[in-house]
Amino acid sequence: MTFRATVLTLYPEMFPGHLGASLSGKALERGQWSIEPVQIRDFAEDKHRTVDDTPAGGGAGMVLKPDVLARAIDHVSEGDDRPRLLMSPRGRPLTQERVRELAAGPGVVIVCGRFEGVDQRVIDARGLEEVSIGDYILSGGEPAALTLLDAVVRILPGVMGNELSGVHESFEGGLLEHPHYTRPQIFEGREIPPVLTSGNHGAIAKWREAEARRLTAERRPDLLDQPVKK
């Protein structure tokens, strides 16, 4: 099954972006996933191809019109069971668990917001799931959509050369990832921790677990309050 991503955007030229390079780009060439950017403006019906209007109740900025966006969504996903996502700073934070759920499905339809936001009525009427990649504001949903797709595509079956690479990573076990080292043995007076060159795999596993917990406690203590994933 090919993972299909359809992206509704005012800037289709931004896709596939960096996803056309490296492992994701090779997987794209092999047909392991596909991406279709769709111009929202094509679904405006006036001669100026208007996609936005002033916010009801006043205020700064403009709001994406619900009728135009609804037509675009219906065109690409009517009778389609792919999740409909809206990249939004007020959405639920994207997690590795949600990434894995999306990767296990047939694909996604992603709406990239612009301006001040999207008319709430189309969010409700088309069942858009609002997703955030962090507590900050971007100029539009496109970079966020690329980030989400990057996280999903890399764990699709066959994309990574070493499937274990997607297992032993930050957040997969509920902890941040342990530190990594490689040759040379000594770099600017700093040595690789001796346990990693001891050949004792049990001791190495314990060291990595302890380091992961130490880093998580220092940098993301909130993760320690959540159940450890096995």
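Thr 216 is buried, with a relative accessible area of 0%; here buried means under 20% relative accessible area, exposed over 50% and partly exposed in between, using a 1.4 Å probe and protein chains only. This residue lies in helix H6, residues 201-219. Helices (H or I, at least four residues) and strands (E, at least two) are DSSP runs, numbered from the N terminus. Leaving aside residues up to four places away in sequence, Thr 216 touches Leu 175, Leu 176, Pro 221, Leu 223 and Leu 224, where a contact means heavy atoms within 4.5 Å.

Before going further, a word on what you are looking at. This is a predicted model, in which local features need pLDDT of at least 70 and side-chain atom pairs count only at pLDDT 80 or more, while totals for chains, interfaces and linings use all residues. Residues are numbered from 1 along each chain as its sequence is written, and side-chain values use heavy atoms, with hydrogens and water left out.

Now move to Gly 174, found in the loop between H5 and strand E9 (186-187). Gly 174 is also buried, with a relative accessible area of 13%. From Gly 174 to Ala 70 there are 104 residues in sequence and 38 Å in space, C-alpha to C-alpha.

Helix H5 itself covers residues 142-153, twelve in number, and reaches 16 Å from its first C-alpha to its last. That is close to the expected 16 Å, the expected span being 1.5 Å times one less than the number of residues. Nine of the twelve residues of H5 are buried, so the helix is largely enclosed by the rest of the structure. Among the buried ones are Glu 142, Leu 146, Leu 149 and Val 153. As background, an α-helix has 3.6 residues a turn, so residues three or four places apart point the same way.

Next comes strand E6, residues 107-112, where six of six residues are buried. Both of its faces are covered: Gly 107, Val 109 and Val 111 lie on one side, and Val 108, Ile 110 and Cys 112 on the other. Strands count as paired if DSSP finds at least two bridges between them. Strand E1 (residues 3-9) runs parallel to E6 and is joined to it by five bridges, with Thr 6 having Val 109 as its bridge partner. Strand E5 (residues 84-93) also pairs with E6 in the parallel sense, over four bridges, and there Arg 84 stands opposite Val 109.

Elsewhere, three strands form an open sheet of mixed pairing, in the order E3-E4-E7. Strand E3 (52-53) and strand E7 (117-118) stand at the edges with a single partner strand each, so one side of each is left without a neighbour in the sheet. E3 and strand E4 (residues 63-64) run antiparallel and are joined by two bridges; within this pairing, Asp 52 has Leu 64 as its bridge partner.

Finally, step back to the whole protein chain. The chain holds six helices and ten strands, and its C-alpha trace spans about 70 × 40 × 35 Å along its principal axes. Buried residues make up 40% of its 230 residues. Of the contacts with a separation of 6 or more, 75% come from residues 24 or more positions apart.
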